[in-house]
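Open the structure in your viewer and keep the selection tool ready. We will go stop by stop.

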Amino acid sequence: MNVLLTGGAGFIGSNLVRLLLLERSDWRVVVLDKLTYAGNAENLADLEGSPRYRFVRGDICNGELVAELCRREGIDAVMHLAAESHVDRSILAPSVFIDTNVRGTQVLLEVAREVGVKRFLHVSTDEVYGSLGATGVFTETTPLDPSSPYSASKASSDLLALAYARTFGLPVVVTRCSNNYGPYQFPEKLIPLMIANALRDRPLPVYGDGLNVRDWIHVEDHARGLLAAFERGEDGQVYNFGASSERTNLEIVKQVLRHLGKPESLVAYVKDRLGHDRRYAIDATKARTKLGWAPRHRFEDALGETVRWYVEHRPWWERIISGEYLRYYERQYGARS
Ligand code: NAD
Ligand code: TYD
């Protein structure tokens, strides 16, 4: 199996590449990543030299590049993770979310159709369902009702992917997962941002009343779910992934402080996010029953391990915060291209 994996230098992508190379010894993985601010070639540096792995810097919106790459590498299947992924950035500057998440996905779908791939895994998010009240859960048939430019762009790309399945018979599978945590998450997202701030005794900015609820899943459990959906998912179907770990943001922030032995006085309530979804909760029954998937990590233990990872990998996130990581690619590859 020769897989084109888009967005492999990001958080979930880099964890997935590592899992695939470990667990599927006859697969070759070609990563296509633009290395935006969120892409970090350092996340995959340990894989350089593996004959079953190749990194290509490029934009998914560039159809010619993608088509040429698929032909040259003999690509059989696509795992599509590349995206602009941060809600707050989509509120500040939405256009790039439409370019990458909507147009980029359509470009990939078109190339996938031309080259005739065996599987197109479109990786999406539970945020496409919008916000829940105090009760209820998202199932695969919950109507799409996105709140932010990010989630609206993801919902658009989901619909395009499903339309390519129905109209052209492209073997698409769509996954929708809840909030991920774990190693290599960019420190603009809640958990790594709070860890990095607490470690530097900076205020922990909690939006609104801090009582918004997210349903947390460890990135490795998500990655295993993506592999299961890729291999065992049915064409044209959607699968939700979540680990039934609903927590308020405030609970998360307080747990991070406890793990680090820092005082709760670091919590700073700040102005709420515009259109802030109140609660997400996933019903993953379909993935459990149809794909035989189940999460392995328990939230409280895995959050502790995650905090330790950021403590032990301080240079990794400090290079990101300082912008130093952006120069890694030039140092590593500049002279070779
Ligand atoms: P991320 O922001 O960490 O990584 C995104 C990657 O995509 C980066 O490496 C970036 O360089 C690359 N990229 C962006 N634009 C590109 C373009 N035009 N061409 C090629 N590469 C480009 O994101 P993540 O958290 O790893 O999320 C990966 C996918 O999973 C996204 O599609 C996201 O919507 C989805 N998802 C994320 C979560 C979560 O909690 N993080 C949950 C559910 C679904
Ligand atoms: P985030 O990690 O951005 O994920 P998403 O918005 O995709 O769920 O945010 C998770 C929750 O944490 C969300 O309710 C917003 C909140 N949040 C804060 O309170 N402060 C912060 O600095 C950030 C980044 C997020």
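Predicted model: local features only at pLDDT ≥ 70, side-chain atom pairs only at ≥ 80, totals over all residues.

**The core.** Select Leu4, Leu16, Val17, Met79 and Phe120. These have the most contacts inside the largest nonpolar core, which has 107 residues. Now zoom in on Val17. Among the residues it touches beyond four places in sequence are Leu5, Gly8, Val29 and Tyr53.

**Helix α8.** Select residues 249-260 next. How far apart are the end C-alpha atoms of this helix? They are 17 Å apart, which agrees with the 16 Å that twelve residues should span at 1.5 Å a residue. Color the buried positions: Asn249, Leu250, Ile252, Val253, Gln255, Val256, Leu257 and Leu260. They pack against several elements, including α6 (190-199), β12 (246-248) and α10 (299-312). Step just past the helix to Gly261, where phi is positive, about 65 degrees.

**Histidine 86.** Go to the loop between β4 (77-80) and α3 (87-92); His86 is there. Is His86 buried or exposed? It is buried, because its relative accessible area of 8% falls under the 20% cut-off. Show its contacts from beyond four places in sequence: Tyr37, Phe97, Glu188, Lys189 and Arg273.

**Asparagine 101.** Finish in helix α4 (residues 95-115), at Asn101. Asn101 is buried, with a relative accessible area of 1%. Then show Glu84. The side chain of Asn101 reaches the backbone nitrogen of Glu84 at 2.9 Å. Other contacts of Asn101 include Tyr150, Ser153, Lys154 and Ser157.

Note on methods:
Residues numbered from 1 in each chain as written. Chains lettered and ligands numbered in written order. Heavy atoms only, no water. Core = buried A, V, L, I, M, F, W, Y, C linked by side-chain atoms within 4.5 Å. Buried < 20%, exposed > 50% of the residue type's maximum accessible area, 1.4 Å probe, protein only. Contact = heavy atoms within 4.5 Å. Helix = DSSP H or I, 4+ residues; strand = E, 2+ residues; numbered from the N terminus. Expected span 1.5 Å × (residues − 1). Polar contact = N/O pair within 3.5 Å; in protein donor to acceptor, adjacent residues only side chain to side chain.
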